[in-house]
Amino acid sequence: MVRSLDKVLLREIFRMKGQAIAIALIIACGISSFVTILIAYRGLKGTRDAYYRENRMADVFAPVKKAPRSIARDLRQIEGVRQVRPRIIFDVTIDLPQISEPCFGRVSSLPDRREKVINDVHLVSGRYFTDDGNREVIIGDRFAVEHGLSPGDSVEVIMNNRKEALRIVGTALSPEFVYMIRGAGDILPDPVHFTVLWMSTSFAESVFDFEDSANEFVAVLDPEARVRDVLDNFDRILDRFGGFVAYGRKDQLSHRFLSDEIEGLKGSATVTPAIFLGVAAFVLHMLLGRLVRTQRTRIAVFRAFGYTTRAISMHYLKLAMLMGLVGAIIGSVVGLWFARHMLEMYTEFYQFPILRFSVDPLVVATGVLVSLLFAALGAVAAARKAARLRPAEGLRPEAPGVFRRTAVERWRWLWTRLGFVWRMVFRNIVRTRRRAALTIGGVALSTSIIFLSLFSGDSMDELLDYEARYVDHHDLKVTFNSERGLPALYEICALPGVRSAEPELVLGVKLVNGYRAKRIGIFGLDQEGVLRGLLDKDRGPIEKPVSGLLLTRKLAELLHLARGDEVEVHVLEGRRQVFTATVEGTVDEYLGASAYASIKTLSRWVGEETALNSVRLLANPERRNELATELKNLPAVEGVSIREQASKVFRETLAASMAIMYTVLMLFAGVIAFGVIYNSTRIALAERERTFASMRVLGFTRKEVGAVLTNENYLLTIIGLVPGIGLGILFCFWLSTVYDTDLFRFPMVIRVESILISIVVVLFFTLVANLAIRRRIRRLDLVEALKSRE
Amino acid sequence: MADPLFTVRDVSRIYTMGEVEVHALRHVDLIVQRGECLVILGPSGSGKSTLLHLLGGMDEPTSGSVRFRDQELAGATGDELTEFRRKHVGFVFQFYNLVPSLTAIENVEMATEIAPHPRDALEMIGLVGLGERGDHFPSQLSGGEQQRVAIARAVAKDPDVLLCDEPTGALDYHTGKTVLSVLETVNREIGTTLILITHNAAIAGIGDRVIRMRSGRIVEMTENTHPLSPEEIEW
Ligand SMILES: Nc1ncnc2c1ncn2[C@@H]1O[C@H](COP(=O)(O)OP(=O)(O)OP(=O)(O)O)[C@@H](O)[C@H]1O
Ligand SMILES: [Mg+2]
């Protein structure tokens with residue numbers, strides 16, 4: 001008995017294949033995002049954890065000015081500390097003849113002979129140091145690839161004011177530099193201009209005059225150790241060696257970026273799929289509701305034949321589950337494919353020895369189960385209605401549609417000017433309010449997704465624009481490897497091509513307000529300077545600080561400081577004194593968390609008249625590259641950055657990574673808009689086939705008849721655009737609040753162009769759905785439709 | 001009898017459903033004169049509706065020729081047929097097929113909007129005796145009233161021919177009679193050619209000519225020298 005019902009099932013699915021496919025596709029979007037995100041999440045997290053474990057990623061990092069290696073023994077006595085390694089860290093400049101802009105290296109020492117150490121390297125090519133280890137270096141694998149360097153080649157490195165040629169013995173990756181970022185304030189890795197240079201301890205000791213000394217201790221802790229206490233103990237012991245305040249893994253830059261990404265993935269793994277599956281369930285609900293209504297007679301006949309109500313309810317449930325299953329299969333396949341690509345994209349940003357992509361059957365199974373659940377949810381009402389139908393009732397024809405006058409008709413003036421097509425449209429919308437609401441909702445959702453995807457690009461543009469227009473006005477920025485006096489500035493001013501130059505002093509400090517403390521960089525600015533702008537939240541310029549401090553808004557929030565408050569400043573360099581300063585106000589910036597003071601104040605804090613460690617300058621455009629080359633050959637220069645170049649790299653990297661997101665989001669938005677509109681129009685068409693056929697018989701053209709449906713869709717789309725844009729703006733606000741971290745913030749921008757683009761794209765989706773509907777109308781069989789009552 | 005409106009020559013209509021061929025019409029010849037009232041009788045499945053659909057440009061013959069005045073309908077494009085229906089044909093069906101979302105008067109206006117020389121919608125509603133009910137939606141009208149609105153809608157275009165497929169089939173005796181007299185009025189007073197399908201031999205009395213069909217063929221044609229008015233017939 002059930003057999004023949006199953007046959008009916010397949011025939012029905014086939015008859016509404018367009019609608020079934022649309023629903024399956026919406027489900028597929030949900031499941032594919034679910035699978036993609038979870039697989040990527042598990043892949044990234046699993047890879048990170050394994051990588052950290054195998055290479056013994058440190059839990060604690062404690063930089064100092066200079067301390068004997070033997071202190072490591074004292075540190076190991078601290079409760080919870082399992083292992084400690086002293087090492088030497090120095091920033092150096094790398095001179096590559098083939099490129100004009102300078103490259104930077106971070107020297108990091110490793111034992112002379114290979115051991116299982118904390119923060120070990122993962123060798124990709126070449127080998128470890130020889131017994132001698134002199135003038136040997138292992139460089140970052142990505143940097144080597146980018147510049148065509150391989151073991152056996154040599155590189156020139158300016159270390160401790162001397163230029164030395166080092167021989168590359170190997171290339172490697174490190175768990176500390178999965179995200180190859182130089183310092184706070186950067187957001188994107190720059191593996192082209194920045195690399196780690198691993199050297200043997202004995203070689204590093206001799207180069208930097210660090211006999212039996214180290215300037216950083218890294219430690220691995222017991223799993224149950226209390227990090228906070230361990231850090232305090234480190235600070236206590238290392239204080240007399242110029243400790244810069246130890247920090248835990250969670251504050252390590254590479255780790256933070258990586259972990260933020262992983263957490264972000266986890267967060268979106270539920271929201272996105274839930275939206276799509278919810279929409280799919282709604283559309284299914286409508287479709288099956290309509291199906292039960294038209295099949296009342298058939299249901300009654302089956303009931304009369306003795307089919308149980310259960311068999312009949314199951315029939316509709318199965319119909320829905322079949323769509324759910326197809327959607328889940330498509331979604332899983334696409335999701336796995338996306339996940340693979342996403343992980344590949346991650347290798348652009350994150351450097352792992354291998355990025356594990358594994359088809360996790362649990363994730364896929366969960367996806368399938370969830371989609372079946374939502375499909376069943378969409379079918380429940382229809383199944384219940386079918387089961388409740390009494391045979392006698394079903395055999396009576398359904399009452400004709402009852403229409404009422406609509407509110408629009410009260411405006412006689414307008415109403416009398418509307419043709420009957422628009423009258424039909426209005427009355428139908430009012431009659432089928434719930435379906436109209438679904439269409440409007442789908443359109444709104446689709447619009448908001450498109451707007452959101454455009455927003456992320458707009459926001460990035462805005463950020464870069466803001467930096468260029470209001471914050472950084474320099475062409476080049478030169479960083480020295482230590483504090484200098486005014487002569488260094490004059491020396492740069494005298495170079496050919498320099499139009500103007502301003503000194504800057506950056507100090508590492510710890511700001512303390514009660515129990516709240518934060519390690520930051522504080523920028524000493526020239527009172528008369530114009531190359532570094534400071535702005536308030538309305539983008540009005542702020543006076544440079546005189547005697548007190550300006551804090552970025554986020555930093556002020558974190559430390560609970562406001563204008564007029566006093567804050568303790570622990571200078572982490574020189575004589576390491578503690579001062580008290582007044583907060584003069586806050587500045588608004590999108591990158592990093594920092595503080596600003598006058599260069600005079602900062603110089604005084606380090607005990608100088610005027611000290612500086614970097615210079616911003618304007619240069620003749622045509623001499624810029626030449627100047628950069630000249631600057632990087634100055635012995636004390638640690639770095640030179642060309643603003644234009646930096647922002648170009650930034651833009652390109654972002655654009656590449658966002659292109660995929662754009663495409664995927666547009667696709668998703670399209671599936672929702674198309675799926676919802678197409679489905680509800682198909683239902684409307686089925687309900688009103690007779691009406692349309694009789695119009696055709698009267699002599700209306702296909703186009704005129706189609707207009708009744710397509711105009712309704714355009715009207716509903718236009719209505720849906722309004723909440724859609726509103727919802728989109730809300731999403732953007734949400735995004736910019738969620739990403740309000742001390743590393744990075746999304747500027748909230750609403751561009752009219754983006755609103756217009758969203759509108760045009762959604763109208764385009766509606767047009768596509770309407771074209772598909774037109775095709776159905778063209779195939780409308782007049783004779784058949786009018787032959788008899790259903 | 002020198003003004004033929006339709007000239008049907010050797011028309012066959014074959015429906016193919018997989019292996020099976022259904023011959024709905026077999027070599028039919030027929031001439032319909034302008035202004036006449038033609039009644040088509042025949043058992044179920046004999047091809048009455050098929051013939052009517054061919055005349056009304058809703059369907060096309062498998063072979064043969066269907067001419068409306070000088071225009072060949074066999075082989076015309078979909079757009080040409082739409083144009084033809086728009087200008088020349090009014091249909092009335094057994095089930096009234098009104099647009100449920102439009103009021104009675106709006107249903108009639110819908111037709112007048114597309115016709116080249118439409119009649120006044122209000123006048124047509126009056127003609128079918130529903131002057132008071134123009135503002136009602138189809139769901140608020142009885143079957144007979146709905147059928148009268150359908151006739152008003154068909155006539156409002158001022159068509160050359162009114163094609164009616166069992167217009168009284170779903171109505172009771174009295175309502176059926178009312179509808180028939182409306183049709184007769186249209187035929188006699190406005191002069192619209194009327195072609196009417198019925199199962200009911202009694203109704204055949206109102207026709208100028210009656211054709212009987214069986215198995216896709218016209219098997220008999222009779223002329224009524226004295227057609228009856230709807231009031232005179234009984235069934
Ligand atoms: N679309 C179709 N496909 C296949 N066969 C059809 C189709 N339409 C009609 N037929 C067949 O053509 C034949 C004539 O049908 P038609 O509708 O013209 O009969 P009719 O005389 O109008 O009958 P009734 O009085 O029952 O309306 C019938 O045998 C019918 O089954
Ligand atoms: Mg028939």
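This is a predicted model: local features need pLDDT of at least 70, side-chain atom pairs count only at pLDDT 80 or more; totals for chains, interfaces and linings use all residues.
Residues are numbered from 1 along each chain as its sequence is written, chains are lettered from A and ligands numbered from 1 in the order in which they are written, and side-chain values use heavy atoms, with hydrogens and water left out.

Start with the whole chain. Chain A has 23 helices and 20 strands. Both are DSSP runs numbered from the N terminus: helices are H or I with at least four residues, strands are E with at least two. The C-alpha atoms fill a box of roughly 100 × 60 × 50 Å along the principal axes. Of the 790 residues of chain A, 56% count as buried. Buried means under 20% relative accessible area, exposed over 50%, and partly exposed in between (1.4 Å probe, protein chains only).

Now the rings. A pair of aromatic rings is described by the distance of the centres and the angle of the planes. Rings of Phe, Tyr and Trp (its six-membered ring) pair if their centres lie within 6.5 Å; planes under 30 degrees apart count as stacked, over 60 as edge-to-face and the rest as tilted. The structure holds 22 aromatic pairs over all chains. One of them joins Trp337(A) and Phe338(A), tilted, at 5.6 Å centre to centre and 40° between the planes. Phe338(A) is buried, because its relative accessibility is 15%.

Tyr466(A) and Tyr590(A) make another pair. Their planes stand at 65° with the centres 4.9 Å apart, so this pair is edge-to-face. It links distant parts of the chain, 124 residues apart: Tyr466(A) sits in helix α14 (residues 433–471), Tyr590(A) in the loop between β17 and β18. Tyr466(A) has 2% relative accessibility and therefore counts as buried. Tyr590(A) is buried as well, at 17%.

Glu589(A) lies in the loop between β17 (578–587) and β18 (595–598). Is Glu589(A) buried or exposed? Its relative accessibility is 8%, so Glu589(A) counts as buried. Its side chain makes a polar contact of 2.8 Å with that of Tyr596(A), and one of 3.3 Å with that of Arg532(A). A polar contact is a pair of N or O atoms within 3.5 Å; within protein, one must be able to donate a hydrogen and the other to accept it, and residues adjacent in sequence count only if both atoms are side-chain atoms.
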